[in-house]
Amino acid sequence: MDLPTTTLGHILLVGPADAAPELGAALVAKSWRCTRCESPAGVLRRLRSEPDVDLVLLTPQTKPGPYIELCRHIKFDPRTAFVSVVFVLAPTDASRRAETFAAGADDCIPLPAPAGEILIRLFNALRVKRATDSLEDATAIITSLANAIEGRDAYTRGHVERVATYCVEIGRRVSVSQEDLSALRTGGIVHDIGKVAVPDQILNKAGKLTDEEMSIVKRHPIVGHDVLEPLRTFRNVLPLVRWHHERPNGSGYPDGLHGDQLLLLPRIVAVADVFDAISTARSYRPACSSARCREILAAAAESEDLDPSLVAILLDMLDENPAALVDTSVESVSA
Ligand SMILES: [Fe+2]
Ligand SMILES: [Fe+2]
């Protein structure tokens, strides 16, 4: 089977120069860019300073232990986890294949193996890496879009970052999983992405919105959901985007969910979103003082407009560090 002849990617060979010596030459001949480290020491630092490395090829000649440890560090560190790691094991170490996979290796090839098969398996590992890169790219594009949309409204600059921060802190305090914390962070950033469909004159209007303008604004959770739905990487944040304006008492939109129908994570986003809205200035009113924020939140908890237990957590956060959460220099407002 012929491999593509264009440059494939950057491969970092780690191991003594005399381990699999013909492999480096074969890789270069097949248009890989190859660099080498003689031992596992220093590889992590190198990966962090050379983000263009696509694949680490570990070729321990003897004693694979430090190489397996290196693999674990690469695959379990979020900064390097997307780099592919492939082992080529000497025949005497073939029994340690399972350990390499437990350490997160993408593939492990025991020798002897035909050079052609090794090259194809490396190419396959690179294909997976490329697919992951494109998911990362999609995430970066959507995040930029979310920030660009927010930038259209002079009064909400920083809103999505703050909402994400509050969401994660509330989530941490109710002990959600790491996966849910990550969804809260991403969901906080993208929750208003559907505002891409709201015209500037409505977004920046100083006075009260007409019923028709309000109905356009109220479409943004569904628009956001529809924008993100085709992207697999955003699947777990869809409920946060669609339901961040739903209310436990059933008064929210767009689906009018009620009680237990409304999941925990969208409830958290709702609390964070409302708090940021009242604690910062808007085109139609100044920011509320800390005392006024407390009154509004307490009333919302009382009427179950917001989840009372989550509001209690936010109030604790306010008690602990009010200056970090609210501009305490602002005047109290009555509405
Ligand atoms: Fe919103
Ligand atoms: Fe928002």
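**Exercise 1.** Find which residues Cys167 touches, not counting residues up to four places away in sequence.

*Solution.* Start with the rule: two residues are in contact if their C-beta atoms, placed from the backbone, lie within 7 Å. Then look around Cys167: the residues it touches are Leu184, Arg185, Gly187, Gly188, Ile268, Val269 and Ala272.

A word on the model: it is predicted, so local features need pLDDT of at least 70 and side-chain atom pairs count only at pLDDT 80 or more, while totals for chains, interfaces and linings use all residues. Residues are numbered from 1 along each chain as its sequence is written, and chains are lettered from A and ligands numbered from 1 in the order in which they are written.

**Exercise 2.** Work out which helices α13 and α14 are, and how their axes are arranged.

*Solution.* Step one: helices are DSSP runs (H or I, at least four residues), numbered from the N terminus; α13 spans 290–302 and α14 spans 308–320. Step two: their axes, lines fitted to C-alpha atoms over the stretch in contact, with angles running from 0 to 180 degrees between N-to-C directions, come within 9 Å and cross at roughly 165 degrees. Step three: α13 is therefore roughly antiparallel to α14, as angles over 145 degrees count as roughly antiparallel.

**Exercise 3.** List the residues that make the contact between α13 and α14.

*Solution.* From α13, take Ser290, Arg294, Leu297, Ala300 and Ala301. Now sort them: eight are nonpolar, one is polar and one is charged, where Ala, Val, Leu, Ile, Met, Phe, Trp, Tyr, Cys and Pro count as nonpolar, Asp, Glu, Lys and Arg as charged, and the others, Gly among them, as polar.

Conventions
Helix = DSSP H or I, 4+ residues; strand = E, 2+ residues; numbered from the N terminus. Parallel < 35°, antiparallel > 145°, perpendicular 65-115°, else oblique.
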